[in-house]
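Please read the points below alongside the sequence and the three-dimensional view.

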Amino acid sequence: MAAYTTQSQDTQGGAEVVTRSAAEVVAHKPIAVRCRGVTKTYGTGNSSVKALRGVDIDVHTGELLMLVGPSGCGKTTLISVIAGVLDRDAGDCSVLGVDYNKMRGDEKTAFRGKNVGFVFQAFNLIPTLTIAENVSVPLLINRVHRREALAKAKDILALVGLGERVNDTPNRLSGGQQQRVAIARALVHKPKLLVCDEPTSALDHVTGQKVMELLRGVASDNALSLVVVTHDQRIFEFADRIAEMDDGHITSISGGKGHKLAEHQAESEPK
Amino acid sequence: MIRLAIKMLMGDRLKYLGLVAGMAFAAMMIAQQASIFSGLASQTGTFIREIGDVDLWVMDPQVRFSEDNLALPETTAQRMKGIEGVDWAVPLYKGFLRCQLADGTRTSMIVVGIDDATLFGGPTNMTAGAITDLRRDPGILIDERDAATKLAQKRGGDGRAMKVGDRLSINDNDAVVIGTYKGSPSFFWDPVVYTTYSRALRFVPKERRLMSFVLVKAKAGADLAAIKARIEATTPYIARTGKEFEEVTRSFILKSTGILINFGMAIGLGFVIGLLITGQTFFNFTLDNLRYYAALKALGTSASTLIGMVIVQVLSVTWLSFGIGIGIAALMGIFITKTDLAFLMKWQTLAMTGGAMLIVGVLSAILSLVKVLRLEPAAVFKGA
């Protein structure tokens with residue numbers, strides 16, 4: 001999934017098919033998120049915890065970046081800062097061309113509602129609403145009329161394979177189906193940035209793979225930037241790049257497993 | 001979002017029903033207690049209202065309420081007739097007397113003696129006989145409700161109601177029921193018996209002064225305040241309009257009996273119970289939904305929308321509970337008013353109950369809103 005195919009004309013006028021790694025492809029795309037020297041400390045005095053100690057990272061448009069690392073290394077804090085739900089203490093962070101720290105609270109909330117999608121580990125679907133109503137929430141937040149919002153919600157639920165279940169409540173769905181609803185909710189308002197917190201940790205392997213295929217697909221199709229926090233090594237293959245964190249730092253950034261597969265595939269194919 | 005807020009609230013059936021039941025109980029308690037209190041307060045003025053269209057009540061200045069019999073000299077009515085602007089003035093006796101029914105039952109009763117000549121002040125709603133029959137000696141009029149209850153023959157009989165023609169002894173004086181009337185329930189529970197003024201004085205043990213009040217009617221177009229001032233200037237007595245006398249009576253009874261405090265406490269208790277139940281249940285509902293509120297915040301729901309959602313949730317419960325509570329209280333009132341018990345549901349009672357429920361709702365909403373608004377949207381991510 002993480003390999004991109006590009007076409008160009010060779011000197012003889014025939015089509016030359018070149019397969020490049022996803023990392024190489026996205027490196028040429030515009031930057032959606034740029035963080036430099038971002039720090040964040042929780043608490044004060046002796047009880048303070050430095051969650052981020054000067055993080056530098058870029059996320060390109062259309063890229064699926066995975067943040068991995070041990071518990072407490074700062075992954076969730078970093079996506080919270082990137083998503084604009086947590087204020088950084090210092091450093092620069094530009095998200096889709098804006099700096100949250102220069103925005104008022106209500107502006108930041110409105111920006112988030114319009115441009116950022118969320119997929120949570122625990123799905124956070126409101127149990128008393130139907131899944132169509134759950135999915136329509138981001139549209140309602142953006143003041144789309146209820147009827148139109150529900151129609152769009154049903155459309156996107158059909159795209160994620162839940163078109164027949166629109167009137168069910170979340171508790172009637174399996175974990176994988178609930179996560180697909182959460183993904184539909186995250187995408188329904190066509191955000192430019194999607195942050196996912198452990199999207200597969202509550203799912204079995206097969207369901208997790210399907211969820212990641214879905215996310216990978218929408219990222220590619222919609223020029224959507226995805227930042228995925230995960231511990232789940234089984235889904236590393238879907239990443240364009242993998243940023244490893246430890247103790248509040250980015251310790252390494254590498255291509256995902258898909259990148260290596262793509263390289264291998266590129267070497268074995270005649271040009 | 002508002003519609004979703006309502007669905008969020010109503011989706012948790014158990015909590016929703018708990019909330020509605022708690023608040024409805026509080027509304028019912030407040031409305032019912034306030035209505036009983038209003039009924040009692042209103043009944044304190046029953047006697048004054050039923051006397052009818054009289055402009056002024058002349059009485060001893062120390063009279064504190066309508067049953068406070070501080071008698072006037074027998075000449076008082078005549079003196080009033082001499083006051084400029086007075087059309088007519090009649091004496092009125094009112095006092096508690098002992099009586100014995102034909103079956104030997106002993107009880108006390110309120111005897112009202114009205115002017116022999118005009119029969120002014122007598123009951124207007126006769127159900128048997130005529131008020132003019134009072135001129136037949138020793139006639140009395142009894143309340144039909146008392147006839148079937150307080151004056152019913154209980155001993156050795158079948159509990160039959162007292163009826164026209166029955167005899168009873170009032171303070172060892174023979175009296176005959178010559179008619180019945182339909183009176184309004186009164187704060188005082190003794191049966192009220194009407195007779196003529198002269199006959200009432202015959203029933204009463206001899207005292208130097210026996211006239212309870214003088215009822216004064218002003219001439220058409222006369223200045224009532226001026227007549228009142230003249231009475232008070234030229235006699236040692238005071239004159240009160242019916243409304244003033246009602247107010248004085250109500251005020252004295254409410255203060256001296258302590259029912260104001262008792263009912264106030266009951267109403268306050270309803271308010272506090274409502275607040276505790278609603279506040280706690282709604283707060284628990286908010287706590288249970290906190291992660292969804294955090295998710296909504298993260299997804300871009302503005303603070304004003306969240307405030308709106310919580311307020312709509314609380315107000316919808318408040319409004320529904322108010323309706324149910326008031327409805328139950330009114331139903332109870334329908335049954336209560338068929339008895340001698342007091343119940344008067346005024347619009348002020350509804351407004352007060354609505355206001356109290358609104359305060360309960362607003363305080364509960366504030367409690368929950370503080371939690372919701374302080375919630376960091378980052379809480380939606382584990383460990384953040």
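**Notes on the predicted complex**

1. Chain B has a mean pLDDT of 88, and 98% of its residues reach 70 or more. The model is a predicted one, and for the complex the predictor gives an ipTM of 0.77 together with a pTM of 0.71.

2. In chain A, attention may turn to an open sheet of three strands, whose order is 4-3-6 and whose pairing is antiparallel. Strand 4 (49–60) and strand 6 (90–95) of chain A form its edges, each pairing on one side only. On average, and with direction ignored, neighbouring strands of this sheet are turned by 15° against each other.

3. Nine bridges join strand 3 (residues 31–42) of chain A to strand 4 of chain A, in the antiparallel sense. Within strand 4 of chain A, Leu52(A) is the residue that stands opposite Lys40(A).

4. Which helix packs on the sheet? Helix 2 (residues 75–83) of chain A does so, touching strand 3, strand 4 and strand 6 of chain A. The direction of helix 2 makes about 55° with that of strand 4 of chain A.

5. Val272(B) and Thr44(B) are 228 residues apart along the chain, and a separation of 29 Å lies between their C-alpha atoms.

How values were computed:
Residues are numbered from 1 along each chain as its sequence is written. Chains are lettered from A and ligands numbered from 1 in the order in which they are written. This is a predicted model: local features need pLDDT of at least 70, side-chain atom pairs count only at pLDDT 80 or more; totals for chains, interfaces and linings use all residues. Side-chain values use heavy atoms; hydrogens and water are left out. Two strands pair if DSSP finds at least two bridges between them. Helices (H or I, at least four residues) and strands (E, at least two) are DSSP runs, numbered from the N terminus. Axes are lines fitted to C-alpha atoms, for helices over the stretch in contact, and angles run from 0 to 180 degrees between N-to-C directions. Contact means heavy atoms within 4.5 Å. pLDDT is the predictor's confidence in each residue, from 0 to 100.
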